[in-house]
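The briefing below is meant to be read alongside the sequence and the coordinates.

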Amino acid sequence: MKKPIKTGVVGCGYWGPNLIRNFRSLGDCHLKVMCDISEDRLRHLQTLYPDVAAETRYERMLSDYDLDAVVIATPVFTHFELASAFSPDISTFLLIFYYAACGVAAIFVGRERARPDMRRVGLPL
């Protein structure tokens with residue numbers, strides 16, 4: 001059996017809860033942590049997903065949870081800052097989701113660092 005992809009989600013507002021639910025349902029994915037600046041929002045989500053760690057500091061999520069994938073589900077204007085905090089020295093694959101007028105789009109960053117087995121969970125690399 002292959003090792004599950006350890007994943008974290010930053011942004012627990014509009015899209016975050018849907019992504020958290022969906023990533024938790026994937027057999028090849030282990031959702032380890034959800035991150036948001038709102039402690040109230042995290043407390044609420046922990047009542048729904050008590051097995052998922054909650055973190056208010058994005059930098060700590062990147063450094064302390066040994067993640068293979070990070071999903072950014074925050075307002076578009078924050079994507080650059082959050083992606084800039086991502087360290088290219090680690091082998092984490094960064095996946096950014098955002099809502100646009102045409103629907104949901106994905107920007108894949110760091111394709112050369114992506115684990116080959118990420119294709120198993122439907123991530124078109």
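Helices, of at least four residues, and strands, of at least two, are taken here as DSSP runs and are numbered from the N terminus. On that basis the protein chain, which is a predicted model, has four helices and six strands. Read from the N terminus, these elements follow the order β-α-β-α-β-α-β-α-β-β.

**Overall layout**
- The protein chain has 125 residues, of which 44% count as buried.
- Its accessible surface amounts to about 7,100 Å², and carbon and sulfur atoms hold 56% of that area.
- Among contacts in the protein chain with a separation of 6 or more, 51% are made by residues 24 or more positions apart.

**Confidence**
- The mean pLDDT of the protein chain is 75, with 67% of its residues reaching 70 or more.
- Of the elements, strand β3 (residues 53-55) has the highest mean pLDDT, at 98, whereas strand β6 (residues 103-109) has the lowest, at 39.
- Where pLDDT is low, predicted coordinates should not be read in detail.

**Nonpolar cores**
- The largest nonpolar core contains 14 residues, and within this core Cys12, Ile20, Met34 and Leu45 touch the most other members.
- Helix α1 (16-25), strand β2 (29-35) and helix α2 (39-48) each contribute at least two residues to this core.
- Leaving out residues up to four places away in sequence, cysteine 12 touches Pro17, Ile20, Met34, Cys35, Asp36, Arg41, Leu42 and Leu45.

**Cysteines**
- How many disulfides does a search of the whole structure find? The search returns zero.
- For cysteine 35, the closest cysteine sulfur is that of cysteine 12, and because the two sulfur atoms are 7.2 Å apart, they are too far from each other for a bond; the cut-off for a disulfide is 2.5 Å.
- Cysteine 35 has a relative accessible area of 2%, and therefore counts as buried, the limit being under 20%.
- Cysteine 29 is buried as well, with a relative accessibility of 9%.

**Threonine 74**
- Threonine 74 lies in the loop between β4 and α4 (79-84).
- Is threonine 74 buried or exposed? Its relative accessibility is 16%, so threonine 74 counts as buried.
- The side chain of threonine 74 forms a polar contact with the side chain of threonine 78, at 2.6 Å.

**Aspartate 66**
- Aspartate 66 belongs to the loop between α3 (58-64) and β4 (69-72).
- Although aspartate 66 is not a glycine, its phi is positive, at about 50°.
- With a relative accessible area of 52%, aspartate 66 is exposed, since that class applies to values over 50%.

How values were computed:
Residues numbered from 1 in each chain as written. Predicted model: local features only at pLDDT ≥ 70, side-chain atom pairs only at ≥ 80, totals over all residues. Heavy atoms only, no water. Core = buried A, V, L, I, M, F, W, Y, C linked by side-chain atoms within 4.5 Å. Buried < 20%, exposed > 50% of the residue type's maximum accessible area, 1.4 Å probe, protein only. Contact = heavy atoms within 4.5 Å. pLDDT = per-residue confidence, 0-100. Areas by Shrake-Rupley, 256 points an atom, 1.4 Å probe, with all protein chains shown as cover. Polar contact = N/O pair within 3.5 Å; in protein donor to acceptor, adjacent residues only side chain to side chain.
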